[in-house]
Amino acid sequence: MQWIFLLPVLFAVIAVIVFVVGDRVRPKAWRKEDGEEGAHTMVLDLVNMFFAAIVAFVVVICWQSYDDAHSHTVAEAKGLVTVYEAAHDLPEPYRSNIEGLTREYTKEVVTQEWSTMDHHQRLDDKVQGTFDELRAAVDSVPTTDPDVKDTQDKASTALDAASDARYDRGLDAQYRMPTILYVALWFGTVMLLLGTVLAGVVVTKRNLLMTALFGIVVGTVMLSIYQLDRPFSGGNVVPRDAYTLAQQRYDQLGKTLVPDSSAPGAPAGNAPVSSGVPNR
């Protein structure tokens, strides 16, 4: 896919070809010499305004979609961290099971599911199964103890938030800019490339150079829009930093939190060591 970065150069070549060929086939009455103003300039201005308006509208939509997709990954990762923190206060074997499933799910998201979203624009069924196992593990915790019940409620609430964010991420993976906007964008691009022909600009070395540079600008804009479209499978994919940070948080919690007193061989009490540093 590295060839796609040659798109601006391709647009420059096309712009020059359109300019030169258009100069040969258009009526002589359309031609104007350098320095002439009037209706020709108005044609270029109108075409430029039309293209700029479309590009601005499309970029705003694509960027908003990209930003929303990243926000959903952050919300899901935060929910997973809360589940992991709550699991520490649960009795064994529920604590270890929930912590293990939380780690496994997070790892599968950043590896297997990210690839699925990239190639198939959907969530991965196997990863969804792991998430369902995690929910079942949280729901299976006995709730006869009021403290355990409060902890389970905290984990369930966080898991619900993660589930909602996961659902939104699935919609984000399927998102693509509406076809009508692509049609309008390409129509504006064609009009822009034909603008020099319609405006009667004469072929000179200076105008050829300006047309080539203009084509590079147009190609760069089109490439940028393509990169932003489809947040999880375009050229500018949403980063996995939220889940990576969550995994780092799991490791920190594993080092600083004291296992629950109900765990075999665990020290008395259910509070963290006051110094925050594990016993050596």
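The axes of H4 and helix H5 (residues 146-174) come within 10 Å and cross at roughly 160 degrees, where axes are lines fitted to C-alpha atoms, for helices over the stretch in contact, and angles run from 0 to 180 degrees between N-to-C directions. Helices here are DSSP runs (H or I, at least four residues; strands are E, at least two), numbered from the N terminus. H4 and H5 are therefore roughly antiparallel to each other; angles under 35 degrees count as roughly parallel, over 145 as roughly antiparallel, 65 to 115 as roughly perpendicular and the rest as oblique. H4 passes H5 in a left-handed crossing, a term applied if the near helix is turned anticlockwise from the far one by less than a right angle, with right-handed used if clockwise. On the H4 side, Val127, Gln128, Phe131, Leu134, Arg135, Val138 and Asp139 meet Gln152, Ala155, Ser156, Leu159, Asp160, Ala162, Ser163 and Arg166 in H5, with contact meaning heavy atoms within 4.5 Å. Seven nonpolar, four polar and four charged residues form the contact of H4 with H5; Ala, Val, Leu, Ile, Met, Phe, Trp, Tyr, Cys and Pro count as nonpolar, Asp, Glu, Lys and Arg as charged, and the others, Gly among them, as polar.

The model is predicted, with local features requiring pLDDT of at least 70 and side-chain atom pairs counting only at pLDDT 80 or more, whereas totals for chains, interfaces and linings use all residues. Residues are numbered from 1 along each chain as its sequence is written, and side-chain values use heavy atoms, with hydrogens and water left out.

The protein chain has eight helices and zero strands, in the pattern α-α-α-α-α-α-α-α when read along the sequence. Of the 280 residues in the protein chain, 39% are buried, where buried means under 20% relative accessible area, exposed over 50% and partly exposed in between (1.4 Å probe, protein chains only). Among contacts in the protein chain with a separation of 6 or more, 79% involve residues 24 or more positions apart.

The crossing of H3 past H8 is left-handed. H3 contributes Thr102, Arg103, Thr106, Lys107, Val109, Val110 and Trp114 to the contact, and H8 contributes Tyr243, Gln247, Tyr250 and Asp251. By class, the contact of H3 with H8 holds five nonpolar, three polar and three charged residues.

Individual residues of H3 were also examined. Leucine 101 lies in helix H3 and is buried, with a relative accessible area of 8%. Its C-alpha atom is 7.9 Å from that of phenylalanine 131, at a sequence separation of 30 residues. Apart from neighbours within four places in sequence, leucine 101 is in contact with Thr130, Glu133, Leu134 and Ala137. Glutamate 113 is also found in helix H3 (residues 94-120) and counts as buried at 0% relative accessibility. The side chain of glutamate 113 reaches the backbone nitrogen of aspartate 124 at 2.9 Å. Residues up to four places away in sequence aside, glutamate 113 touches Glu108, Leu123, Asp124, Val127, Arg166 and Arg169.

Glutamate 76 is found in helix H2 and, at 0% relative accessibility, counts as buried. Glutamate 76 and alanine 158 are separated by 82 residues in sequence and by 8.9 Å in space, C-alpha to C-alpha. With residues up to four places away in sequence not counted, glutamate 76 touches Tyr105, Ala162, Ala165, Arg166, Arg169 and Tyr243.

Most residues other than glycine have a negative phi, and most peptide bonds are trans. The peptide bond from glutamate 92 to proline 93 is cis, with omega near 5 degrees, and proline 93 is placed in the loop between helix H2 (39-87) and H3. Glutamine 121, in the loop between H3 and helix H4 (125-139), has a positive phi near 55 degrees. Arginine 230, located in the loop between helix H7 (205-228) and H8, likewise has a positive phi, near 60 degrees. Arginine 230 is partly exposed, with a relative accessible area of 25%.

Definitions and conventions:
A polar contact is a pair of N or O atoms within 3.5 Å; within protein, one must be able to donate a hydrogen and the other to accept it, and residues adjacent in sequence count only if both atoms are side-chain atoms.
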